Amino acid sequence: MCVHRTSSTCSELNTSQSVTPRVASKKADAVLKSRLTQKLGSGAGGCNRVVFSSSRIRNGSIAPSHSKHSGLFPSSLCQLYEFVGDGAERVQIIFSEFRLPSTLGPTECGDTDILMVYYIVNGREELVETLCGDTLPKPILSDGSRLLLELRSSYNNTENKGFTGDFFFLTNFGIPNGFQPNQSECTFHYFRNVTSQGWIQSPNFPGAYPRNIICNYLFHGGPNDFVHVRFTYFDIEGIRPCDEDTASDYVEFSNFVTRDRKYAMYCGSWRELMVRSDGRFFRITMVSNDRLDGTGFRALYTFETVPEETTERTEVASMGKVTTTSAASRLHDCLGSLSLMALITVPSSLAITNEIGIISIIGIVHIKFCLD
């Protein structure tokens, strides 16, 4: 899937799991953006605009109007869907149906029925994606509190079915799990006393993650716990060594709140990636810039308990099975046994003088046996 940014070229994502629709070429995008800017700027052009505000509705569905007779929408249809959130809210679109076939082949949208996605930043519309085809697009997450979709129909046939999408105003950045203390920050906590295992993901996964974002995932285990994280999908835009010189997005691991030199920064595509903390606390941080996009990551985390170390051992001797934990405790047990032997060995006070020597010899031998 190609995602077009006005500030960069198209980035071709390397993923075999992609089920995204075809996207218009850069030339077509430029023509479409110019045409839309004129329409939006003048407020004319026959485009029907529907505005959804989070102050009135938190979620819902959108779909173009179809003809009652043919089941198709008109070839001259221009429909705008504008979403206006409040404060730190973002808009997420999840498609359940999508069918806008192209006449130009499998790689171009051209001037057919298309759905264009715009971020609205500082009052300006920025074309992000132009969608067509018959495969389901990945989720879309706005860059701020506003988002604009435009459907343009200039081609009509019996296959045109339009689309159906669910929209949500949310503050969790499209991350469904974890405790988020501040709705304006992409920071999530995961506690051992809540669950021993769960999933984490990048914002808006499996769709593209937002630009210029820092997300922290903080894991808090028990006294004898460590954290094991296994990534089942990893696609972070960038090239190694994933630093500022390469203008890369990256994921960072740390056993501390601060930087951990033990770990390098990770970006690109990884098929197998597993990490394990040194102790009960672990941090994962994802950082993105304003360049190109990736689809992010998904990972399974597990709190695992380290067995407590013990000196306990079992010995088998002629006297039977003896379990001891330390030299001091063994000596204590031996002395206890010796006292019992003394009570058994001394039959009467008349023989006390001779028996003391016997008890001493037996006691020394018995203590040596226990300590050995």
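Biologist: What does C78 count as, buried or exposed?
Modeller: C78 counts as buried, because its relative accessibility is 5%; buried means under 20% relative accessible area, exposed over 50% and partly exposed in between, with a 1.4 Å probe and protein chains only.

Biologist: What are the ground rules here?
Modeller: This is a predicted model, in which local features need pLDDT of at least 70, side-chain atom pairs count only at pLDDT 80 or more, and totals for chains, interfaces and linings use all residues. Residues are numbered from 1 along each chain as its sequence is written, and side-chain values use heavy atoms, with hydrogens and water left out.

Biologist: Which residue does C47 join in a disulfide?
Modeller: C47 is joined to C78, S to S 1.9 Å, where a disulfide is a pair of cysteine sulfur atoms within 2.5 Å. The torsion about the S-S bond of C47 and C78 is about 75°, so this disulfide is right-handed.

Biologist: And how many disulfides are there by this rule?
Modeller: The count is four disulfides.

Biologist: Moving on, what is the handedness of the link of C186 and C215?
Modeller: It is right-handed, with 95° about the S-S bond. The sulfur atoms of C186 and C215 are 1.9 Å apart, and both residues are buried.

Biologist: What about C242 and C267, left-handed or right-handed?
Modeller: The disulfide of C242 and C267 is left-handed, because the torsion about its S-S bond is about -80°. Their sulfur atoms are 2.1 Å apart, and C242 and C267 are buried.
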